[in-house]
Amino acid sequence: MSATNPYTPYQMLIEHVTDEAPGVKTFRLKFVDEAAGEKFSFRAGQFAEYSLFGEGECPFCIASPPTRPDSIECTFRQAGRVTAALADRDEGDVIGFRGPYGNVFPLDEWQGKNLLFIAGGIGLPPLRCVIWNVLDLRDRFGNIDIVYGARTVADLVYKNELAQWNGRDDMRLVTTVDPGGEIPDWKGRVGFVPAILEQTAPQSANSVAIVCGPPIMIKLTLPVLAKLGFDPDHIFTTLENRMKCGMGKCGRCNVGKIYVCKDGPVFTLAQLRDLPPEY
Amino acid sequence: MTETWTIDKASLQGLFAKLVSAGYRVVAPVRARDQLALEEVASSYVPVEEHMPTALSAKSITFPPHEALIRYGLDDGKAQLDDAVPNPPPTVLFGIHPCDAAAFDVLSAVFLGGDPDAHFRVKRECLTLISLSCTESDEYCFCTSVGLGPGDARGSDILMTPVERHRYLVEAFTDKGRAVISAAPGLFAETDGAGKAKEAVLARVPVRFSADRLADRLPSLFAREELWADQSLRCLGCGACAYVCPACSCFDIQDECGRQGGARLRCWDSCGFSVFTLHASGHNPRLKQSHRWRQRVMHKFCYQPQQVDRIGCVGCGRCSRACPVDMSLADQLATLAETQP
């Protein structure tokens with residue numbers, strides 16, 4: 001009797017590499033085994049372990065939407081051994097991928113609601129999956145607002161998509177860079193995300209806010225959302241803790257009685273308030 | 001349903017011979033210098049007389065210090081994947097203490113709950129546990145504080161108790177246990193129940209704290225930074241407690257690779273290590289050793305009871321015996337259980 005090995009990665013061909021920002025790349029991946037690719041499914045919010053034989057595994061979100069199942073995209077910053085080795089790979093190379101893991105954004109519950117996305121820096125990729133998902137089902141949702149900031153203009157990721165979103169009349173995109181991060185022909189705002197959010201004053205009635213970014217941005221954004229009238233049950237974020245197995249067993253992403261990998265990564269602010277601050 | 005027999009100590013070698021000829025691998029405590037270690041034994045094996053627990057727990061048999069989750073060959077940059085989950089031989093683990101047997105129940109709850117872990121499952125399914133009741137204990141033992149005891153059956157397929165000098169009482173609790181009895185029918189004599197003889201020979205292990213009160217109290221003690229700092233001032237973060245613990249199951253996954261190929265390994269890990277939770281960004285949610293000590297206590301005595309309906313500790317005392325700075329878990333837990341929120 002042979003057992004199915006939950007640690008077996010899918011083999012994925014790197015179809016396209018995009019240089020997003022200094023140290024940040026996006027891979028577009030295709031299943032080498034087409035039949036496996038057709039069986040594979042996931043929902044917005046889930047993540048996967050991306051890997052290279054001889055180097056190891058790294059967890060990132062799936063940054064492409066489930067509404068576009070032809071390929072899987074991931075965006076990562078070069079930060080350690082595995083991401084450095086991944087960043088060295090090129091179109092035509094094969095990498096490992098296992099998943100999907102974790103819970104999902106409750107898109108069904110959000111139908112008919114206004115959606116406010118707030119992202120900072122490399123926090124946009126997890127929300128990009130949701131943004132394209134709701135844009136692909138545009139008539140099911142109310143207003144779609146995005147406030148996205150980065151330290152400098154160069155650090156903004158998905159520049160082509162930001163231009164596309166800017167050109168659409170069925171959504172609103174506000175981009176900003178930290179003071180000093182602008183360049184001469186910069187047409188976006190200058191200022192930190194929480195302040196820009198307050199200036200744009202999106203409505204909180206019948207709305208949900210989805211926040212992802214560096215801890216300091218999240219910390220300063222939450223009071224602004226409270227001031228705008230967002231309820232803790234209607235503020236969502238996606239957590240990141242160090243993870244290995246993705247199945248709630250290896251123990252390292254444990255916070256209180258939950259495992260980020262299995263019970264998260266998506267949490268409401270109300271849920272986070274019940275957890276010890278260990279994330 | 002429990003069924004009871006007796007077996008003469010002198011018949012044990014006969015039992016081991018029957019088990020070996022029935023295809024079982026027999027693993028038991030053997031003397032290794034001044035410690036006990038678990039090793040495969042021949043049918044001539046004579047059980048060790050010492051009470052002391054094996055230096056390492058029995059968990060290695062289902063959760064080894066390191067094991068390959070997948071293997072791969074690297075030829076001209078093209079990888080060949082070998083993801084077979086190897087099937088181990090049927091194994092009888094003989095002579096462990098009831099606390100170690102109970103720890104398999106905790107490990108199974110973690111590894112087999114939710115998405116079952118294939119590498120653990122194949123090793124656990126082919127394992128039969130024959131434990132020996134404790135007739136002695138030492139100052140580190142606290143099984144009775146975590147709902148267990150020196151003659152407790154949890155996790156065991158068979159529990160043997162030396163009710164007489166030359167004879168064991170044999171209690172079989174599972175089909176696996178009864179299969180052992182059936183493998184050597186002539187060696188076991190039927191008897192009607194454990195009776196008082198068992199109680200009389202068991203070690204007296206004092207109750208050090210109430211696990212229920214501890215679990216109730218811990219959430220309100222979480223934010224008491226000074227309390228955890230005080231408890232962990234001596235902690236070196238060496239991880240010895242986790243490595244000797246029969247119920248600790250946290251692990252790391254690392255690739256080990258040469259030019260020809262390698263493996264993705266699962267390795268024991270410890271929440272006591274500073275890198276355990278260190279993010280790639282440099283952020284560490286548990287920055288101080290006191291936070292990591294708190295996590296060890298909270299996970300075992302507060303979170304695991306909620307996650308898997310079991311305390312993540314069996315009171316074997318190994319962590320305290322192994323601690324290089326003599327931190328006694330039972331003492332610390334007793335203090336916590338009595339600390340006013």
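Most residues other than glycine have a negative phi, and most peptide bonds are trans.

With regard to phi, two residues of chain B call for comment. Arg33(B), although not a glycine, has a positive phi of about 55°, and it is found in the loop that links strand 2 (25–32) with strand 3 (35–40) of chain B. Because Arg33(B) has 7 C-beta neighbours inside 10 Å, it counts as exposed, the limit for that class being 12 or fewer. Asp326(B), likewise a residue other than glycine, has a positive phi near 60° and belongs to the loop between helix 10 and helix 11 of chain B. With 9 other C-beta atoms within 10 Å, Asp326(B) is exposed.

Helix 11 of chain B, residues 329–338, contains the buried residues Leu329(B), Ala330(B), Leu333(B), Leu336(B) and Ala337(B). These residues cover an arc of only 125° around the axis, and therefore lie on the same side of helix 11 of chain B. An α-helix has 3.6 residues a turn, so residues three or four places apart point the same way. The cover over the buried residues of helix 11 of chain B includes helix 6 (211–221), helix 9 (289–307) and helix 10 (318–322) of chain B.

At the level of domains, chain B is divided into domain 1, made up of residues 3–66 and 86–201, and domain 2, made up of residues 211–338. The C-alpha centres of domain 1 and domain 2 of chain B are 27 Å apart, and the contact between these domains of chain B involves 27 residues of domain 1 and 23 residues of domain 2. On the side of domain 1 of chain B that touches domain 2, the largest share comes from helix 2 (residues 98–112) of chain B, with 10 residues. Classified by residue type, this side of domain 1 of chain B has 19 nonpolar, 5 polar and 3 charged residues.

The largest nonpolar core has 166 residues, and within it the residues with the most contacts are Val26(B), Phe301(B) and Val314(B). Helix 2 of chain B gives the most to this core, namely 9 residues. In soluble globular proteins, nonpolar side chains tend to be buried together. When neighbours within four places in sequence are left aside, the residues in contact with Val26(B) are Phe16(B), Leu19(B), Val20(B), Glu40(B), Val41(B), Tyr45(B), Val92(B) and Phe94(B).

Between the chains, the contact takes 32 residues from chain A and 41 residues from chain B. By class, the side of chain A that touches chain B has 11 nonpolar, 12 polar and 9 charged residues. As to the confidence of the prediction, the model scores ipTM 0.93 and pTM 0.94, while the mean pLDDT of chain B is 94, with 99% of the residues of chain B reaching 70 or more.

Technical notes:
Residues are numbered from 1 along each chain as its sequence is written. Chains are lettered from A and ligands numbered from 1 in the order in which they are written. This is a predicted model: local features need pLDDT of at least 70, side-chain atom pairs count only at pLDDT 80 or more; totals for chains, interfaces and linings use all residues. Domain bounds come from an automatic or database domain assignment. Two residues are in contact if their C-beta atoms, placed from the backbone, lie within 7 Å. Helices (H or I, at least four residues) and strands (E, at least two) are DSSP runs, numbered from the N terminus. Ala, Val, Leu, Ile, Met, Phe, Trp, Tyr, Cys and Pro count as nonpolar, Asp, Glu, Lys and Arg as charged, and the others, Gly among them, as polar. A nonpolar core is a set of buried Ala, Val, Leu, Ile, Met, Phe, Trp, Tyr and Cys residues joined through C-beta atoms within 7 Å. A residue is buried if 20 or more other C-beta atoms lie within 10 Å of its own, exposed if 12 or fewer, and partly exposed in between; C-beta atoms are placed from the backbone. The arc is that of the directions from the helix axis to the C-beta atoms. pLDDT is the predictor's confidence in each residue, from 0 to 100.
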